[in-house]
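Please open the model in a viewer and keep the selection tool at hand.

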Amino acid sequence: MHASLTLHQDEGVLLATALVNHVAASAGIPALFIKGPAAGMMGLRDNHVSADVDVLVRPEDLHTMCRLLGARGWLERPSGVSVVRRYSHSRTLYHPHWNCDIDVHDRFPGMEAPAEEAFATLWRDRQTLVMAGRSVPVPSLPAAVIFQALHSLRAMDDARHQREYSGLLQRVDAAMHQQITGLSTELQATAALQPLLDDLGMEEPPNRSEFVSQEWRHRTAVQGTGTAYLAALLDSPWRAKPQILVRAIFPSRNTLRERDLHLDDSVTGLLRAHAARWRRGMAGLPAAVRKTRGRSG
């Protein structure tokens, strides 16, 4: 039987973690497992069930890692929305017989140090945790705090991220403050992490970076396809606006498959998919407009 029919979601994520670890170790690829179950095991968040496996590799290993998983039946999810894909920092893989995805990252938004240097720093301080019977590399505790904080801070208009961020603040021991500020300086993440540093009452890092990339500004301002399209309309020259508007209303089949891998390609099926997308778009339009206004303000 398929794993998706016989495993609980949390079991699938742990077993997929062990699988990715085995594939990476067999190929000599350093792979760091971030967020997800590791954060729960470290006591940085509640033990809710993750939907996917998040693994960070060196940029040079991204293609190889995805190819090796592809040889085991893992396929890349379609990504047809160029305005969302512009700042892609990971490749999402799915398997028809598994109940979770695998997100293979080659960098992490908010860490402005060159991706190779950031990975080397994180790998240097790694620890291991046992998942599904395997010892897998995970970030150090201060690094895990940084990952969790950046993950929440880029989407603080979402209630779940607000809860997770508030919970994280309560779980960070004052004894870790110096380690967090030192590591955030190395990763050039102090600008993105300024809310965390302020909320925890940390001292200003001596070498604090003021640089915030356009990518981070985009990610904190744009969540969801609707807001991304509105932002693209605002940012694009007039000659490009009609094409963006048409793509927003009538996306490609590849874009529709992002939400439904088993898209019905018949005329009726495509009409149903478009209608469902229009309903979601209309429901999310007020929030997208508010978000876009806040971005421009």
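Which residues of helix 7 meet which residues in helix 8? V145, Q148, A149, H151, S152 and L153 are the helix 7 side, and H161, E164, Y165 and L168 are the helix 8 side; contact here means heavy atoms within 4.5 Å.

Before continuing, note that this is a predicted model, in which local features need pLDDT of at least 70 and side-chain atom pairs count only at pLDDT 80 or more, while totals for chains, interfaces and linings use all residues. Residues are numbered from 1 along each chain as its sequence is written, and side-chain values use heavy atoms, with hydrogens and water left out.

**Whole chain**

Display the cartoon of the entire protein: there are 15 helices and 7 strands, taken as DSSP runs (H or I of at least four residues for helices, E of at least two for strands) and numbered from the N terminus. Of the 297 residues, 47% are buried (under 20% relative accessible area with a 1.4 Å probe and protein chains only; exposed is over 50%, partly exposed in between). Among contacts with a separation of 6 or more, 67% join residues 24 or more positions apart.

**Helix 7 against helix 8**

Select residues 159-171, which form helix 8, together with helix 7. Their axes come within 9 Å and cross at roughly 150°; axes are lines fitted to C-alpha atoms over the stretch in contact, and angles run from 0 to 180 degrees between N-to-C directions. The two helices are therefore roughly antiparallel (over 145 degrees; under 35 is roughly parallel, 65 to 115 roughly perpendicular and the rest oblique). The crossing is left-handed, a term for a near helix turned anticlockwise from the far one by less than a right angle, clockwise being right-handed. The contact residues divide into 5 nonpolar, 4 polar and 1 charged (Ala, Val, Leu, Ile, Met, Phe, Trp, Tyr, Cys and Pro are nonpolar, Asp, Glu, Lys and Arg charged, and the others, Gly among them, polar).

Within helix 7, pick H151. At 15% relative accessibility, H151 counts as buried. Leaving aside residues up to four places away in sequence, H151 touches K35, F108, H161 and E164.

**Helix 7 against helix 9**

Next, select residues 177-186, helix 9, which packs on helix 7 at an angle of about 65° with the axes 9 Å apart. That makes helix 7 roughly perpendicular to helix 9. Here the crossing is right-handed. Show side chains for P142, A143, V145 and I146 of helix 7 and for Q179, I180, L183 and S184 of helix 9, which make the contact. These divide into 6 nonpolar, 2 polar and no charged residues.

**The nonpolar core**

The largest nonpolar core has 62 residues, a core being a set of buried Ala, Val, Leu, Ile, Met, Phe, Trp, Tyr and Cys residues joined through side-chain atoms within 4.5 Å. Helix 7 (residues 141-153) gives the most to this core, with 8 residues. Select M65, L69, I102, V104 and M111, the residues with the most contacts inside the core. Centre on I102, whose contacts beyond four places in sequence are V20, V53, V55, L69, W74, R91, T92 and L93.

**Two loop residues**

Move to A132, in the loop between strand 6 (127-131) and strand 7 (134-138). A132 has a positive phi of about 50° although it is not a glycine, and at 40% relative accessibility it counts as partly exposed. Finish at Q188, in the loop between helix 9 and helix 10 (194-199). Phi of Q188 is near 55°, again positive in a residue other than glycine, and Q188 counts as partly exposed at 31% relative accessibility.
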